[in-house]
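Here is a short briefing on one protein chain. Look over the sequence and the model, then read on.

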Amino acid sequence: MIIKGNLPFSPIVPVNYQGNSTVIDAIKAILHDVSYTSTMLDTNLIVIQLGHTSLVKKAISTNATIQNATSPLPNTDPQEIEVLYITGSRYKNTKLIYDKHHNSLISDALSQDEIGQYPDINVADTARRIPGLVNIRDEEEGISLGIRGLTPDLVLITLDNGTFASEPSLNIRRDFVEILPSTLFKSIQVLKTRSADIDGSALGGQINLITRSAFETDGVYTLLSAVTGDFTADKYDALNNTPAYQLNSLISSTFGSNQQFGFVFAASYFQRNQDEERNLSYYDEHFIMPTMSIWNGIEDQQKRYGGYAKIEFRSPKHFNSEISVWLFKQSEAFKRASLVLNSELASSDPNLLDTIDVNGSFEALISSDKKHHGGFLSKTSYNFNNNNTAQIRIGLSQGRATDGDAGRSDTTFDYIGAAGGLDYHYAFNENGMPPQYTYLNPELAENLDNYALSTVETDTVVNDGTVFDMETNLQHYFGGSGFDLKTGLRYRRTERSYDPNNIDIKYIGDSPLLLSQFATLSSQYRPPYAPINSPIIDNAAIIAYKMANPALFNDVTNQDNLLSSDFEIAEKVFAGYASLGYQNDELQAHAGLRVEKTDLLTDAYARTNGILAPIQGKNDYTNLLPSAGLTYDLSQDIKIRANYAKALGRPNFPDLNPARTLTESAGITTIKEGNSKLDPRVADNVDLSFEYYFDEGRSLASVALFYKDIKDEIFTLQTQTTQNNAPVITTHPLNASDATLKGLELNLIKDRLDFLPGFLSDFGVSVNYTFIKADATVLATDGSARQVDFLTEQPRNLANAALFYQQGDFEGRLSYNLTGRYAASINPTNPDSDDFIDDFDTIDAQFRWQFNQNFTLMVEGRNLTNEKNVRLTGPNRSRNEDYSVFGKAYFVGVTYYY
């Protein structure tokens, strides 16, 4: 007999098998190096379940071709069906290879199986494994994503290719994804080039989060998982950590007379308590000693919960439709106790060891922070005939982040003791570690009676973001010519508001309110390199005292300041596009044009000689964005790609803020303002890729080159004009410079080391590396220029390596990730003042045992090398600005699927 065709898990290379055997023996021979379990079955029907995704194979007999079944299963006794379960690393690798091979653009992806392969908390942490992705962290956890060295502000994130308005944790354009659990998404797709049908704002690329479909499985499918573990950072003893845990659930089913309907419901809950130890240092222009140092002990309790629901309809002929809704939330109880030391002495003497005339304080913060992201998406497609298809997509997405509420309290106890009580001896570390401090008079510094309450502040920020998005397109295939034409229209409205508030309350009692009444020094915990143990401050007792004694406190809040930083932005984008495509057995090509018209309206406040009044800004601009791409199969195993596209990077929201401060003094007018008239950055992108698929499509080696020429970079500059024969000096953002970015990506996936003997052949490896270099001009406010070979948030090096083992029911994976050093900020005049986030390399591990077809046990570890977050500045990056310790994490869990 002959079984011939494309395997569902390895559809790249047709696989032929010849021999006188049953169909089952033939399938098993083809699957010889893939781990699966099986039972006896009838030779007329085979169900191959990949990562628990069923693909039905029907009625195979002599000289028959394997084909996907498009009709419902016949009435077959379940005992007559053999199920081949292919899961874990080999499924994941083969799926991402398949996605890369069949995408007409240069892309990469990461496919989750139902259990999850990495000990990652959220989507950003998981996506860092993809070649070229930069994981921008908040301490140890990823919060946003850049691509190939371009900041997250220039990256487009979508959910099922639809609108996405993340919870806007900051007043900038980037999407934050830390509250999205990676376990609920089927795959993460990264498009590194664009065609005409892709949003023009994807200057840095597009990341598409793909949810599951009910039609990926037959009938009812259920998954439940429970994981518990411990974050080891628990030194700060305000509160002992309780175990962390995560619960995930997913249920899907198809129903109807022809199984034409389907639904998916997925939900997740995650809770953790985690301490953090942190040391912050701030320097003057001499970089000899810090002018301010802060030591923090932090207790952070987080809860994340949410999910999505989807209803789908699949017509066997013409009509398909789906509607999905989602909601994800996070609540956070944040506590921090701080020691703050300020030195008024600015010295360039590297031999200075003792610092005198130091003032300082103890501070305590409690804050309740919340984030949420929700939305809905509707997608409909209709096939008029074999040559014409229409689609329409409508989505609404909303996010909100609140940093603090009315109960937020930031209290300050200033030092009031004898002079010299906070003077210290200073020992500088040349290796980039924090300096070590030692008090010269510890008996004074450690006496809590020497600190008195001065201020109780309530600082809150509310960020809101909403996106409405609608698109329709029509695709026409020109018979059997290989040509197709896709045209479409899109409208997107983005609204953002930023509302910070600062309530400043001073203690005015006749008798000092001493820290000893509300705090004790920890008996065991000292922050890294601190001169004293951390205080444990009862902030709730301070608030209770304030509420009980209102006459002892005076509100000195500047009411104008409550409005001066507020702003709102409404951005409307109208787009139309047309793309001509061609495809034959060896060649794929596309060329198209996208037109985008942007209308901008901004509202804020202007302060003129101290008087506050509303101000509004407007702008509009139109961009033509051509694109073209070519993919050619040199052989059955080798593919080359080339792509050109022009893309946009719209200005960041703070730059567009029209807020203005105007001051007239001595005949000179000074203005500081934003600029609603800014143009977007525009980039010409050229990409090349060479891809070699081997091991019958289960392994991959690829090389990619990329080049970006970015025009109209934005800098804050100072200009001078005259008005009524008097000088007017204006400081504002302007389009003023260009930059280029180029790089190399290497990627290797070897599914099975079959050249090794014995059990070693069941190991596999996955390795990728990205090198990035820029050429940019950075401008100071006076117009002076500095040349640099890096951009903000652009690492020079990115790398991933994974060694995995899969045999029978057992699988293990050891994963390494490197995010190379990158600039957090660039000083336009003094290179020593640049801020850099140092190399961050982590090792994670996971081991899984599937002890029957329904249950899997898991053990995993995160940040096993106990990597710290380090921020550097100064000559040769030798001065430590930020040193954060957040520890390791260990988890155990079980997953049930049916």
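Which residue in β22 is the bridge partner of Tyr426? It is Tyr437. This is a predicted model, in which local features need pLDDT of at least 70, side-chain atom pairs count only at pLDDT 80 or more, and totals for chains, interfaces and linings use all residues. Residues are numbered from 1 along each chain as its sequence is written, and side-chain values use heavy atoms, with hydrogens and water left out.

**Overall**
- The chain holds seven helices and 47 strands. Both are DSSP runs numbered from the N terminus: helices are H or I with at least four residues, strands are E with at least two.
- Of the 898 residues, 56% are buried. Buried means under 20% relative accessible area, exposed over 50%, and partly exposed in between (1.4 Å probe, protein chains only).
- Take contacts (heavy atoms within 4.5 Å) between residues at least 6 apart in sequence: 70% of them join residues at least 24 apart.

**Strand β22**
- β22 (residues 436–439) pairs with β21 (residues 424–427) in the antiparallel sense, over four bridges. Pairing requires at least two DSSP bridges between the strands.
- Tyr437 and Tyr439 form the covered face of β22, while Gln436 and Thr438 form the uncovered one.
- In a regular strand the side chains alternate between the two faces of the sheet.

**Nonpolar cores**
- The largest nonpolar core has 37 residues, of which Leu133, Leu180, Ile207 and Leu209 touch the most other members. A core is a set of buried Ala, Val, Leu, Ile, Met, Phe, Trp, Tyr and Cys residues joined through side-chain atoms within 4.5 Å.
- Helix α3 (residues 123–127) gives this core its largest share, three residues.
- Apart from this core lies another, of 30 residues, including Phe362 and Leu453.
- Leaving aside neighbours within four places in sequence, the contacts of Leu209 include Val123, Leu180, Phe185 and Asp160.

**Salt bridges**
- The whole structure has 49 salt bridges. Each is a side-chain nitrogen of Lys or Arg within 4 Å of a carboxyl oxygen of Asp or Glu.
- Lys310 and Asp160 meet at 3.9 Å, N to O. Lys310 is in strand β15 (residues 290–314) and Asp160 in the loop between β9 and β10, so the pair ties together parts 150 residues apart in sequence. Both residues are buried.
- Asp160 and Lys310 also belong to a salt-bridge network with Glu312, Arg314, Glu322 and Lys379.
- Arg393 bridges to Glu471, with the closest N and O atoms 2.3 Å apart. Arg393 is in strand β19 and Glu471 in strand β23, so parts 78 residues apart in sequence are tied together. Arg393 is buried at 7% relative accessible area, and Glu471 is buried at 8%.
- Arg650 and Glu596 meet at 2.8 Å, N to O. Arg650 lies in the loop between β31 and α7, and Glu596 in strand β29, 54 residues apart. Arg650 is buried at 4% relative accessibility, and Glu596 at 0%.

**Surface patch**
- Phe810, Phe847, Trp849, Phe851, Phe855, Leu857, Val859, Val892 and Val894 make a nonpolar surface patch of about 750 Å². Patch residues have over 30% relative accessible area and no salt bridge; like charges are joined within 9 Å, nonpolar side chains (Val, Leu, Ile, Met, Phe, Trp, Tyr) within 5 Å. Areas come from the Shrake-Rupley method with a 1.4 Å probe; for residues, only the protein chains shown count as cover.
- Strand β44 gives the largest share of the patch, three residues.
- Leu857 lies in β44 and is partly exposed, at 37% relative accessibility.
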